[in-house]
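Hi,

Here is the structure I promised to pass on. Have a look at it first, and then read on for what turned up.

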Amino acid sequence: MGTTRFHGFHGRSTEGFRDGLADSSGDPRTTRPYIVRIVHVLLLGSAAGGGFPQWNCWCPTCRAARDMPGRAHPRTQSSIAVSADGTHWFLCNASPDVREQLGRIPPRPVPGTRHVPIDGIILTDAELDHTLGVALLREGRALHLYATGAVVDTLERDSRILPVTRAFASVDVTTLQLGEPAALVNRDGSPNGLQVEAFAVAGDPPRFASNQMDGHTVGLVIVDAASGARCAFVPGCGALDEALLDRLAQCDLVLLDGTFWSDEELIQLGIGDRGARAMGHLPISGDDGSLERYARLPVRHKVYTHINNTNPVLLADSAERRVVEAAGLAVGDDGDAWQL
Ligand code: MLT
Ligand code: MN
Ligand code: ZN
């Protein structure tokens, strides 16, 4: 399901790049040759768990995705890919749609018979929509995961995705400490230049998790130390407090939880008994929804992602889509891409 469209890159074209220098000293007067670094961000999947349409759902938006191509189209489950050189790519979350999604990463010449097109996988939580893809990449023989201790523990003991994957592939794990940037490493062991910082956000641990440790749900900021480009990826977020807003305000691109339009969305459709907030997802609309504060952030690209199949913003002609866009925010789509 989903599309293989590549929408081309949003972002800087001729307006001048950051003073990107491949020099870890960060000194712009370095004598080394000038190397333009552009951080590429690909939105591989913009839907929440279950994808869009969800296999067992005939809500109004899922019906539109099946039958009304002008109003809505299929989307895959939440994931992005990030690269600072267009060659080495890191997945943020590995969705059940990872096989199709990896096909969207720009191809490069492959020297041998086998080639793994990603250098690592960074996780925001241990939910199935973000981690089943780890096991699906088992043919890669060697994988490198970046996740908090809480997430790793759930993958080890509860979903057992790590032990299952390790039966097929070696899995290196870099444990992310909350609030501390970690350097990303290429498959050949060389430093990549990108850093990732995980920070705790309000949310519920997966319902199968036996721990409630800090860091079960995090947002990620990917930073290119050389150019200063920053991208935030926060697909699950139960609250937007000042500290989080300050952190997001530093970024060039923010991809934020757009799971639900309203708190009562699933209840009103008669397909759930819990509100959005109770599920760890701050709704977009309403007095205390995300839209108002998100719209005020001085960030160049503000995008909603991890959009549930019931959310009316998925309909191109909906009033809710107009509200989001009129506020200067975008409803992310599979294939969207940015250069920072
Ligand atoms: C969520 O985003 O709340 C979880 O992914 C829910 C789920 O997968 O069941
Ligand atoms: Mn989810
Ligand atoms: Zn639906």
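In what follows, Ala, Val, Leu, Ile, Met, Phe, Trp, Tyr, Cys and Pro count as nonpolar, Asp, Glu, Lys and Arg as charged, and the others, Gly among them, as polar. This is a predicted model, in which local features need pLDDT of at least 70, side-chain atom pairs count only at pLDDT 80 or more, and totals for chains, interfaces and linings use all residues. Residues are numbered from 1 along each chain as its sequence is written, chains are lettered from A and ligands numbered from 1 in the order in which they are written, and side-chain values use heavy atoms, with hydrogens and water left out.

Pockets first. A pocket is found on a 1 Å grid over the protein atoms alone, as an open set of points where a 1.4 Å probe fits, with protein on both sides within 12 Å along at least five of seven lines; its lining residues have an atom within 4 Å of a point. Volume is the space filled by probe spheres set on the points, with grid points joined across faces, edges and corners.

The second largest pocket has about 430 Å³. Its lining of 14 residues comes closest to the centre at His115, Pro117, Leu137, Glu139 and Gly140, and divides into eight nonpolar, two polar and four charged residues. Helix H2 (residues 98-102) gives the most to this lining, three residues. (Helices are DSSP runs of H or I with at least four residues, strands are runs of E with at least two, and both are numbered from the N terminus.)

The largest pocket holds about 980 Å³. Among its 37 lining residues, Gly49, Glu127, Arg207, Met279 and His281 are the closest to the centre. Here 13 residues are nonpolar, 17 polar and seven charged, and H3 supplies the largest share, four residues.

Now the metal. Which residues coordinate the manganese ion (ligand 2)? They are Asp129 (OD) and His306 (NE2), at 2.1 to 2.2 Å. Asp129 sits in helix H3 (residues 128-136) and His306 in the loop between strand S13 (301-305) and helix H9 (319-326), so the pair ties together parts 177 residues apart in sequence. Donors are N, O and S atoms within 2.8 Å of the metal (3.2 Å for Na, K and Ca), and water is not among the atoms, so sites may look incomplete. Asp129 is buried at 12% relative accessibility, and His306 is buried at 4%. (Buried means under 20% relative accessible area, exposed over 50% and partly exposed in between, with a 1.4 Å probe and protein chains only.)

Helix H6 (residues 242-249) has Leu244, Leu245 and Leu248 buried. They span an arc of only 100° around the axis, which puts them on the same side of H6; the arc is that of the directions from the helix axis to the C-beta atoms. Glu242 and Ala243 are exposed on the other side.

Finally, some backbone details. Most residues other than glycine have a negative phi, and most peptide bonds are trans. The bond from Phe52 to Pro53 is cis, with omega near -10°. Asn93 has a positive phi, near 75°, and is buried at 0% relative accessible area. Arg141 also has a positive phi, near 70°, but is exposed at 61%.

Best wishes
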